[in-house]
Amino acid sequence: MKLGYTSDFDETEHYNTKIYESALESLTKEDSDNKILKELNEHFEEAN
């Protein structure tokens, strides 16, 4: 990300997706047929 006031900075190393992943897994277990949750799982798998 280039903001113009700092040198190159990789913000992705500071992302913590474990909380999101845990919540998504929990919701999916409760409602495994949910179309939106399926799409979110697919997106998460592609992005990580």
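This is a predicted model: local features need pLDDT of at least 70, side-chain atom pairs count only at pLDDT 80 or more; totals for chains, interfaces and linings use all residues.

Trainee: Why is Asn41 called buried?

Mentor: Buried means under 20% relative accessible area. Asn41 has 19%, so Asn41 counts as buried.

Trainee: Where does Asn41 sit, and which residues does Asn41 touch, not counting residues up to four places away in sequence?

Mentor: Asn41 belongs to helix α2. Leaving out residues up to four places away in sequence, Asn41 touches Leu24 and Thr28.

Trainee: How about Glu45, is that buried or exposed?

Mentor: Glu45 is in helix α2 too. The label exposed asks for over 50% relative accessible area. Glu45 has 60%, so Glu45 is exposed.

Trainee: Which residues form the negative surface patch?

Mentor: That one is formed by Glu39, Glu42, Glu45 and Glu46.

Trainee: And what makes Ile36 count as exposed?

Mentor: Use the cut-off of over 50% again. The relative accessibility of Ile36 is 57%, so Ile36 counts as exposed. Ile36 lies in helix α2, which covers residues 35-47. Together with Tyr20 and Leu40, Ile36 makes a nonpolar surface patch of about 280 Å².

Trainee: What about the protein chain as a whole: how many helices and strands does it have, and what share of its residues count as buried?

Mentor: The protein chain has two helices and zero strands. Of its 48 residues, 10% count as buried. The chain exposes about 4600 Å², with carbon and sulfur atoms supplying 52% of that.

Conventions:
Residues are numbered from 1 along each chain as its sequence is written. Side-chain values use heavy atoms; hydrogens and water are left out. Patches are made of residues with over 30% relative accessible area and no salt bridge: like charges are joined within 9 Å, nonpolar side chains (Val, Leu, Ile, Met, Phe, Trp, Tyr) within 5 Å. Accessible areas come from the Shrake-Rupley method with a 1.4 Å probe; for residues, only the protein chains shown count as cover. A salt bridge is a side-chain nitrogen of Lys or Arg within 4 Å of a carboxyl oxygen of Asp or Glu. Buried means under 20% relative accessible area, exposed over 50%, partly exposed in between (1.4 Å probe, protein chains only). Lys and Arg count as positive and Asp and Glu as negative; His and the chain ends are not counted. The place of a charge is taken as NZ of Lys, CZ of Arg, CG of Asp or CD of Glu. Contact means heavy atoms within 4.5 Å.
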